[in-house]
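I opened this model to look up two things. I wanted a helix packing first, then the chain contact.

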Protein chains: 2
Amino acid sequence: MIHIDCSDIKKRLSDSEFQKAWSKAEDSFLKIQKGTGDGSEWLGWRKILADPNDAMLEQLDSLATRIRAEADVFIVCGIGGSYLGARAVIEALTSFFDSESGPEIIFCGHHLSGQYLKELVEYLEKSNKEGETKSVYLNVISKSGTTLETALSFRVLRQWMVNQFPEDVNDRIICTTSPEGGALNELVKANGYSKFEIPEDVGGRFSVLTPVGLLPVAVAGIDIRTLFYEAVSAFEKLEDNPDSLLEYAACKFALHEKGISMDIITSFEPQLNFLMKWLQQLLGESEGKEGKGMFPAVAGYSTDLHSIGQFVQDGPRNMMETFIQVRKTNERVTVPGSDENHDGLDYLFGKRFDEINTKAFEGTLRAHREGEVPTVVVLLDELNAQHVGEFLYFYELMTAVYCYCLEVNPFNQPGVEGYKKEMYNLLGK
Amino acid sequence: MIHIDCSDIKKRLSDSEFQKAWSKAEDSFLKIQKGTGDGSEWLGWRKILADPNDAMLEQLDSLATRIRAEADVFIVCGIGGSYLGARAVIEALTSFFDSESGPEIIFCGHHLSGQYLKELVEYLEKSNKEGETKSVYLNVISKSGTTLETALSFRVLRQWMVNQFPEDVNDRIICTTSPEGGALNELVKANGYSKFEIPEDVGGRFSVLTPVGLLPVAVAGIDIRTLFYEAVSAFEKLEDNPDSLLEYAACKFALHEKGISMDIITSFEPQLNFLMKWLQQLLGESEGKEGKGMFPAVAGYSTDLHSIGQFVQDGPRNMMETFIQVRKTNERVTVPGSDENHDGLDYLFGKRFDEINTKAFEGTLRAHREGEVPTVVVLLDELNAQHVGEFLYFYELMTAVYCYCLEVNPFNQPGVEGYKKEMYNLLGK
């Protein structure tokens, strides 16, 4: 279960400020349910949950099982929504250090560094732990197939795969792309690559629960049925009882109207660093238009308390803070004793690290609230596929509701064309 | 050489706005030179360059050489300024994938995740590539030795080292700490650990060019003499001719006075992601006080153009943007052909990735400028120890000058005590 605590923000709002925002949030949610808001042709992220495609989940699972058995390395080639969702879920739910089971997962196609590609190929050409040639699978993810970063990396890696695996290269390349049209469908037809579809009515930043996110997540050994069906449950639950979500969206909207211009998204769990990056895209690309929006900044605490903590405590009072916390962890690492008590920390002897981490969170929450930073706390009971599945859909819906409160279309990204146009001109397209 | 281009910001300022800010920046620089500003007891980061300690560099080099020959893993245990500087330089100047030469460098002590520590120990206990027990060295970095995250991780790892290497554990632990006092000096005395000093008058975020940063950097195989002496050259050059630096500080200050509340620090080189995190701490912890400061946000382009690009282009006009670019790269990876031209990118055939990346930068710069985002471009001729050394000192000095313009003490961090006090209360200290 996800628990949302907006009480601190509510305290900072007058009744009428909150009520006004709440009605706006209610109206916004109705727009989504009825499909009457701007951009409502992009509500596919709800449809996939209303009508789950079990055959597709089965197909993803079975391919993932084969890849987990056969591959040393699984390369995910994508950018933006075709990168962040998969990486967010994988980092949240797998170990920090390489596990022994299943392939190593490497991301590429998310920038234009030739140096990175060069080193990646060199790495792939080194033998595996058994001294054999590495077995590599490549998943390219792009609706159009022409996104510059992804398409260029795919050109390089595909050529390398053709040379490296002449006999079965076509079995090793998987395209996640539009149902029809686009550059990758041509290659699928010509070469017989495996293909998974991104529904036309699902935008990149809302695509984590399509094969865009689900295939890499399954290859990482995460139970995608649990992840997906918990999102389905969250969908059903929130249709009937959206109050906690509407309250959250209303609070965020009311703060925006009071001039709060930045939302610092943070967590004391380093495994959630990329889940916050996923959220940064989801929020930022949805709300940042027509001169509106709160900049979603990401900070990993307690690491970044030693970096931007001073600013949050004492800088301009133009920010809110979102804490994403995990209530219960499985680890039982405790503070060892020390003969000398050289560091004066013996009073923590035998305490669990997760208890201490929770106290650091609680202390920070108190201090920042006293420092006049409005805060919301999002609490996951545990860090597992179940709660992450719920989290993903919760934030997709909250983002859409909040954006309709701001009276912006949550689903387009007209500003992204700006740099692309200039770049393609310079490249002589 | 670092080149600073503030022309876009200057265009957006009136002559009198700029002149006023420029005089303020001149005065600020004098305060630093004369040591008359607030916090001027913390100017050690200049003294170490005015009077280089060659014996210390020699000692660092010789220990690093031994560790490079003997260690499989070198653990750096630190947080904040005792973490970011070393990691920033190492990531900027070494390869993306593990190199064959020298030990793997692993950071810890920068958060409170027990899970991370548990997995780290498990990883250390696995045999190395030759099937032997891993040879591990541990560098703990803390002035006081009592910083919670670092001290607790050090307790766990030190105990593990004592068990794992009973015969020579004392040779494997290196403390970087205060000249005298503090918890680590007691351990050094009792056990004969190697020790390097952090000068008392150098604060954490200004400590990268002390052993705090230099030992890990040397162990990574980077030439610390070049790094250090280029900072020395920058110091000398800027004492006589600080104009480009003063112009930069003046521009940033003038924008702050006009209500710009966020500086998005970005680069198209993924190797610089941690250098930007270093800069985030340097700026944010120095300027974010008394309700002042521009929040330093970090974005890695072009990755994050597909995430926050929309917001930067079309969100509220309250931000400036700092591009850290590299003019010349060594990589020569080119776009391969494609029989089918399936992605329509054949017009880029034979082009180098770094050329394309540069066009992406130039296109973004144009689009964001047109979108009314004031921009500064910081150009490094090449990515090497020379230019990074210059970069480090340039930003230390620029930060100090800019903070004096804001009339805040660049060297303290009173707000950081807020959460610590609350946390230690909750922990029952």
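**Entry 1: a helix pair in chain A**

I looked up helix 5 (residues 84-93) of chain A against helix 10 (residues 211-219) of chain A: they pack at an angle of about 35 degrees, with their axes 8 Å apart. I note that the model is predicted. I checked the hand: helix 5 of chain A passes helix 10 of chain A in a right-handed crossing. Which residues make the contact? From helix 5 of chain A I listed A:Ala86, A:Val89 and A:Ile90. From helix 10 of chain A I listed A:Val212, A:Gly213, A:Pro216 and A:Val217.

**Entry 2: chain B against chain A**

I turned to the interface. Chain B puts 115 residues into the contact, and chain A puts in 115 residues. The area buried between chain B and chain A is about 9900 Å². Carbon and sulfur atoms give 65% of that area. Which residues of chain B lose the most area to chain A? I found B:Phe97, B:Arg155 and B:His306, together 9% of what that side buries.

**Entry 3: polar and charged pairs**

How many salt bridges cross the interface of chain B and chain A? I noted 10. I looked up one pair: the side chains of B:Glu422 and A:Arg366 meet in a salt bridge at 3.9 Å, N to O. For polar contact, I noted 40 residue pairs across the interface of chain B and chain A. On the side of chain B that touches chain A, helix 15 (residues 353-370) of chain B gives the most, with 11 residues. By class, I recorded 46 nonpolar, 40 polar and 29 charged residues on that side of chain B.

How values were computed: Residues numbered from 1 in each chain as written. Chains lettered and ligands numbered in written order. Predicted model: local features only at pLDDT ≥ 70, side-chain atom pairs only at ≥ 80, totals over all residues. Heavy atoms only, no water. Contact = heavy atoms within 4.5 Å. Buried area = accessible area lost by both parts, 1.4 Å probe. Salt bridge = Lys/Arg side-chain N within 4 Å of Asp/Glu carboxyl O. Polar contact = N/O pair within 3.5 Å; in protein donor to acceptor, adjacent residues only side chain to side chain. Helix = DSSP H or I, 4+ residues; strand = E, 2+ residues; numbered from the N terminus. Nonpolar A, V, L, I, M, F, W, Y, C, P; charged D, E, K, R; others polar. Axes fitted to C-alpha atoms, helices over the stretch in contact; angles between N-to-C directions. Left-handed = near helix turned anticlockwise from the far one by under 90°.
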